[in-house]
Every structure is written in C-alpha cells, then in structure tokens.
Amino acid sequence: MQKFRAAAVQMRTGLDVAANVADAERLIREAAATGAGYVLTPEMTTLLDRRRERLLGAIHAEEADPSLKRFRALAAELGIHLHIGSMAILVDGDKVANRAFVIGPDGAVLARYDKIHMFDVDLGGGESYRESKLYRPGAAAVAVDLPWTRLGVTVCYDVRFPPLYRALAATGATLIAVPAAFTQTTGEAHWHVLLRARAIETGSWVVAAAQGGHHEDGRETYGHSLVVDPWGRVVAEAEREPGVIVADINPEMSVTTRGRIPALANARTFSPPEVTDSPPAVTVRPARGDAARAAG
C-alpha cells in the first residue's frame with residue numbers, strides 16, 4: 001500500500017444537468033491540479049431534484065447517459081481515479097438507481113454501487129417520505145482495488161448503518177467513501193459524529209464529499225466535506241461553499257490503527273436477545289435514611 005493524495009469535491013447541484021456537469025468538471029480539474037490521484041464528487045452530482053416527473057424527464061439509462069460519458073473522458077484526460085459519488089440513473093422503466101461510479105485513469109468503469117439504504121419515514125401530522133417509491137435500492141456492498149489501497153463505496157444515508165462499514169473494512173478496505181447530500185438540520189446534528197464514528201469503528205480513512213447550500217429545488221444542504229483519519233481525527237474540512245479539499249492518505253495508518261484497537265478482529269457473532277412477555281417484578285427499597293425520613 002502506498003501513500004496518495006485524495007480530494008473531495010463539494011458542490012451545490014441544481015436543476016440544469018449541463019450546468020452541473022460543467023461545475024463538477026471545473027472542480028475535478030482543480031482537484032487533479034493539486035496532485036490528487038483519487039477524486040470524489042458528492043451524491044447526486046449531476047442533478048438534485050425532488051420533483052419526480054421533472055427528474056424522470058432529465059435522466060437516462062446508464063448506457064445512454066451523456067454525463068457519464070463526459071466523466072469517463074475526463075478521468076482519462078486527467079489520468080485520475082474519478083469517483084462520481086452518485087448520479088440518478090434510469091432503471092426498470094420508471095425506477096431510478098442512486099448509482100455511484102468509480103472510473104479508472106483509462107476511462108473504464110471499475111465499479112458501480114447502488115445506494116442500499118432508502119430513507120423511508122413517517123413523520124408527525126401524517127407527513128411521510130418514501131425514497132423507495134422512486135429509487136430502487138441496491139442489494140450488494142461494493143469494494144474496489146485502487147493502485148494504493150482497497151476502497152469501500154457507500155452513499156449518504158448508508159452512513160447510519162455501521163454493519164455495512166464493518167463488512168467493507170473486513171474485506172481489507174482502508175478507505176471508505178461517503179458522498180452525501182445531508183440536510184442542514186441533520187448535518188448540524190449528526191454529520192461529524194457519524195463520519196468520525198465510522199472511521200473509528202473500522203480503523204479506516206473516510207472521505208466524504210458533500211452538497212452544500214441552498215439548492216434550486218428548495219433543499220438546504222449542510223456542506224462540510226471531510227477527510228477523517230483512522231483515529232477519528234478530521235484532517236481536512238470544507239465549509240458551505242462549493243470547492244475542493246485535499247488530504248494525503250497513508251493506508252498503512254489504517255493497518256497500524258487496527259492493530260492498536262483490533263475491533264474488527266475481536267468482533268463476535270451472537271444470538272439476538274431473548275424477550276419475555278412478563279419481565280420479573282423489580283422491588284425498589286429506600287435507603288435506611290430515606291425510610292427513617294418517610295416514617296417521621
């Protein structure tokens with residue numbers, strides 16, 4: 001395993017796919033100019049739109065997607081490993097995959113990953129959100145070998161599910177990517193904690209490229225793209241505006257950290273807890289002083 005430079009591109013993706021691709025290309029070129037051999041863009045790099053019909057009218061199947069073709073040509077031109085954090089890709093007629101692409105320096109797609117975890121929630125007052133109504137969830141974790149190390153691929157909401165990260169680390173991945181579009185509210189509350197926790201639990205480098213700011217579809221995203229080392233320290237961080245952060249990655253640090261705290265090696269399987277219908281009664285007796293005061 002060799003040291004290398006990684007970059008995270010922070011964007012504010014809008015409704016115009018061509019404009020978004022142009023913005024991404026400008027920032028990817030900026031990242032490559034720093035010497036980064038691996039460049040990660042955020043979730044929904046090419047289009048961020050909550051309106052179903054408008055989204056479906058603007059996206060393509062993978063084999064026909066012009067944005068993907070452009071990114072493949074760009075990776076080959078710059079000679080970098082380009083990781084498009086995710087794009088909306090048309091699958092199964094009216095379903096969409098939230099799909100990541102890892103592209104090699106020859107322009108070939110080395111790996112694809114469809115976001116596994118869907119944000120389906122019932123909120124108060126009858127309000128609900130069902131990501132799975134539009135998006136088809138993935139079914140398999142994905143890791144891919146880069147020249148320097150093994151990369152584990154995830155997307156956004158996946159970060160709340162530690163077993164996925166443990167599974168990736170167990171394959172030997174020392175770098176895990178988290179492209180995201182966290183909202184302002186959840187980002188302020190959880191973004192740093194979740195990313196640092198996933199790094200600490202797995203002894204991995206975590207590179208997280210985020211969306212940041214007020215988007216044309218009305219969404220507010222948190223930004224704060226991060227690089228976290230295997231000890232849980234933030235070594236690079238953006239604020240809210242589009243831009244690029246870079247960090248020098250030493251995969252051997254992951255090996256050393258896992259040796260110091262062998263949580264992956266020490267993990268054990270166990271049976272789920274037994275739950276009884278009638279738990280035993282618990283009697284709480286006051287301390288002697290409390291009993292005396294009560295009696296008095």
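**Figure 1. Ala6 and its partner across two neighbouring strands.** Ala6 has Ala247 as its bridge partner in strand E16. The model shown in this and every other view is a predicted one. Strand E1, which covers residues 4–10, and E16 run antiparallel and are joined by seven bridges. Once you have found Ala6 and Ala247, you have one of the places where E16 is bridged.

Figure 2. Which strands form the edges?

**Figure 3. Arg99, a buried arginine in strand E4.** This view picks out Arg99, a residue of strand E4, which spans 95–103. Is Arg99 buried or exposed? Its relative accessible area is 10%, so Arg99 is buried. Leaving aside neighbours within four places in sequence, its contacts include Glu62 and Asp114, as well as Arg112 and Arg136. Also in contact with Arg99 are Ser86, Met87, Ile89, Val91 and Tyr113.

**Figure 4. Helices H1 and H3 side by side.** Here the subject is helix H1, residues 17–33, together with helix H3, residues 66–78. Two packed helices are described by the angle between their axes and by the distance between those axes. For H1 and H3, the axes come within 11 Å and cross at roughly 15°. The two helices are therefore roughly parallel to each other, since angles under 35 degrees count that way. Their crossing is right-handed. On the H1 side, Val17, Val21, Ala24, Glu25, Ile28, Arg29 and Ala32 make the contact, while H3 brings Ser67, Arg70, Phe71, Leu74, Glu77 and Leu78. Sorted by class, this contact has eight nonpolar residues, four charged ones and one polar one.

**Figure 5. A second open sheet, with edges E8 and E15.** Another open sheet has six strands in the order E8-E9-E10-E11-E14-E15, and its pairing is mixed. Strand E8 (142–145) and strand E15 (234–237) are the edges, each pairing on one side only. The twist here averages 20° from one strand to the next. Helix H5, residues 184–202, packs on this sheet and touches strands E10 (175–177), E11, E14 and E15. The direction of H5 makes about 30° with that of E14.

**Figure 6. Where E11 meets E14.** Zooming in on part of that sheet, we find strand E11 (residues 205–208) paired with strand E14 (residues 226–228). Three bridges connect them, in the antiparallel sense. As a landmark, look for Ala208, whose bridge partner in E14 is Leu226.

**Figure 7. Two loop residues with a positive phi.** Most residues other than glycine have a negative phi. Cys156 is not a glycine, yet its phi is positive, at about 45°. Where does Cys156 lie? It sits in the loop between strand E9 (150–153) and helix H4 (162–170). With a relative accessibility of 8%, Cys156 counts as buried. His224 is not a glycine either, and has a positive phi of about 60°. You will find His224 in the loop between strand E13 (220–222) and E14. Its relative accessible area is 19%, so His224 is buried too, the cut-off for that word being under 20%.

Methods:
Residues are numbered from 1 along each chain as its sequence is written. This is a predicted model: local features need pLDDT of at least 70, side-chain atom pairs count only at pLDDT 80 or more; totals for chains, interfaces and linings use all residues. Side-chain values use heavy atoms; hydrogens and water are left out. Two strands pair if DSSP finds at least two bridges between them. Helices (H or I, at least four residues) and strands (E, at least two) are DSSP runs, numbered from the N terminus. Axes are lines fitted to C-alpha atoms, for helices over the stretch in contact, and angles run from 0 to 180 degrees between N-to-C directions. Contact means heavy atoms within 4.5 Å. Angles under 35 degrees count as roughly parallel, over 145 as roughly antiparallel, 65 to 115 as roughly perpendicular and the rest as oblique. A crossing is left-handed if the near helix is turned anticlockwise from the far one by less than a right angle, and right-handed if clockwise. Ala, Val, Leu, Ile, Met, Phe, Trp, Tyr, Cys and Pro count as nonpolar, Asp, Glu, Lys and Arg as charged, and the others, Gly among them, as polar. Buried means under 20% relative accessible area, exposed over 50%, partly exposed in between (1.4 Å probe, protein chains only).
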